[in-house]
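Please inspect the sequence and the model before reading each solution.

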Amino acid sequence: MSIFTPTNQIRLTNVAVVRMKKGGKRFEIACYKNKVMSWRSGAEKDLDEVLQTHSVFVNVSKGQMAKKDDLVKAFGTGDQTEICKQILSKGELQVSDKERQSQLEATFRDIATVVAEKCVNPDTKRPYTVGLIERAMKDVHYSVKPNKSTKQQALEVIRQLKETMEIQRAHMRLRLAVPAKEAKRLREKLKPLLQVVESEEFDDELEMVVLVDPGCFREIDELIRCETKGRGSLEVLSLKDVEEGDEKL
């Protein structure tokens, strides 16, 4: 015996639902599990990897599609792909308590991993282990924010951990070369942005090997390009100035 399925119904399995209320009506989209957060953080760029179908529903679990008139009234367009994008970025992800807890734990570890990769003990220059960062995050009662990216939260964690332990972002090692004419003026402007000057030679041009905070890299790059009108140069010698071995507490 065949079961009749109305044409406005679609059955989907292994689905993550994102819901949005707009214009007094409820709209839902069907996504692949674990892909919604990847899209929101920018890790996933392909919409087809996130959406199970480019269709908008009023109820995904019952397979009931949204009417075109309702979509146009609520979103000002009948383009379902565009509406899916809106719901994907601003809607509420529907997950069970168990799934939510599992996602929070995975994100917590991801944040700790990013912090461990970016940071060192400033006294020893040794990196911290992921486990040690996780324990430190628990000690400061850090709670994951589902709507923020892992990288944003990692920078937040670094700021919080500085209050309770010796930690800083690992310095970048750069080589700067500046024409003699601009050297003195530019050196004064660069001074506040440099953590350590490892070597400095002045001949036809000023050449320096320095350690800087990664957050200052863009400012240094722009300063050298603008002040020297493209005649200066900036070379990254190493992304992280670290010693071998892990830091122990």
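**Exercise 1.** Determine which residue just after H8 takes a positive phi.

*Solution.* Just after H8, lysine 229 has a positive phi of about 55°. Helices (H or I, at least four residues) and strands (E, at least two) are DSSP runs, numbered from the N terminus. The model is predicted: local features need pLDDT of at least 70, side-chain atom pairs count only at pLDDT 80 or more, and totals for chains, interfaces and linings use all residues. Residues are numbered from 1 along each chain as its sequence is written, and side-chain values use heavy atoms, with hydrogens and water left out.

**Exercise 2.** Identify which residues of helix H8 are buried, and explain why they line one face of the helix.

*Solution.* Step 1: within H8 (residues 217–227), the buried residues are Ile220, Leu223, Ile224 and Glu227. Buried means under 20% relative accessible area, exposed over 50%, and partly exposed in between (1.4 Å probe, protein chains only).

Step 1: viewed down the axis of H8, these buried residues fall within an arc of 95°, so they line one face of the helix. The arc is that of the directions from the helix axis to the C-beta atoms.

Step 2: as a general rule, an α-helix has 3.6 residues a turn, so residues three or four places apart point the same way.

Step 3: on the face turned away from the buried side, H8 carries the exposed residues Arg218 and Cys226.

**Exercise 3.** State which elements the buried residues of H8 pack against.

*Solution.* The partners are two kinds of element. Strands E8 (172–179), E10 (205–212) and E11 (233–238) pack against the buried residues of H8, as does helix H7 (180–190). Contact means heavy atoms within 4.5 Å.

**Exercise 4.** Locate lysine 125 and histidine 141, and classify each as buried, partly exposed or exposed.

*Solution.* Step 1: most residues other than glycine have a negative phi. Lysine 125, not a glycine, has a positive phi of about 65°, and histidine 141, also not a glycine, has one of about 55°.

Step 1: lysine 125 lies in the loop between strand E6 (119–120) and helix H5 (130–139), whereas histidine 141 is found in the loop between H5 and helix H6 (150–161).

Step 2: lysine 125 has 24% relative accessibility and counts as partly exposed; histidine 141, with a relative accessible area of 69%, is exposed.

**Exercise 5.** State how many helices and strands the protein chain has, and what its C-alpha trace spans.

*Solution.* The chain has 8 helices and 11 strands. Along its principal axes, the C-alpha trace spans about 90 × 45 × 35 Å.
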